[in-house]
Amino acid sequence: MSAVLLRPRWLALHVLVVGLVLAFSGLAWWQFDRARDGNMLSIGYACEWPAFAVFTVGVWIWLCRDAVRPHCDAPARPPAADPQRVPDELVLPVRETVVLPLNPDDDAELLEYNRMLDRLHRQPKS
C-alpha cells in the first residue's frame, strides 16, 4: 500500500467507507426483516442498500487507484523562452482564403456581391 493512502485525509476516507458499508449492510438487513414480515416494498429496498454499498466500495477503489497511479501526462515545463514571443498554443492557425473566379453567367446582383467580397479580401489587414 502506498504511503499516500496512509495520510490523515485518506485514513478518514477509509473509515468513512467502512462506516458506510456497515450502515448500508445494516439497513439492508433491516429491510429484509421487514420484507419477511410481509412488507413487499421492503424487498426492493433490501436489494437497493447492498447496491449502494457496492457502489461505495467501487468509488473508493477508483479513488485509491487514482491516488497511487503515477501521473505521466503532466505537462512538461516549457524551456525559458523569449518574453516577446507568443506561445504556440495561443496562436491560431491561419486559413487560406480561396477566391473563385467570377462567372459571367451569374446574375448581376450576385456578380456585384462577389466583386465586393473580392475587394474586401484584397484590402490590407490592419
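Just after helix α1, Gly38 takes a positive phi of about 110°. The model is predicted, so local features need pLDDT of at least 70 and side-chain atom pairs count only at pLDDT 80 or more, while totals for chains, interfaces and linings use all residues. Residues are numbered from 1 along each chain as its sequence is written, and side-chain values use heavy atoms, with hydrogens and water left out.

Helix α1 covers residues 8–36; helices here are DSSP runs of H or I with at least four residues, numbered from the N terminus. The expected span of a helix is 1.5 Å times one less than its number of residues. For the 29 residues of α1 this gives 42 Å, which agrees with end C-alpha atoms 42 Å apart.

Buried residues of α1 include Trp10, His14, Phe24 and Gln31, where buried means under 20% relative accessible area, exposed over 50%, and partly exposed in between (1.4 Å probe, protein chains only). Part of their cover comes from α2 (41–68). Gln31 counts as buried because its relative accessibility is 7%. Leaving aside residues up to four places away in sequence, Gln31 touches Ser42, Tyr45, Ala46 and Trp49; a contact is heavy atoms within 4.5 Å.

Four aromatic pairs occur in the structure. Rings of Phe, Tyr and Trp (its six-membered ring) pair if their centres lie within 6.5 Å; planes under 30 degrees apart are stacked, over 60 edge-to-face, and the rest tilted. Phe24 and Phe52 have ring centres 5.9 Å apart and planes at 55°, so this pair is tilted. Because Phe24 lies in α1 and Phe52 in α2, the pair ties together parts 28 residues apart in sequence. Phe24, at 14% relative accessibility, is buried, whereas Phe52, at 35%, is partly exposed. Together with Trp49, Phe24 and Phe52 form one aromatic cluster.

Terms used: Helix = DSSP H or I, 4+ residues; strand = E, 2+ residues; numbered from the N terminus.
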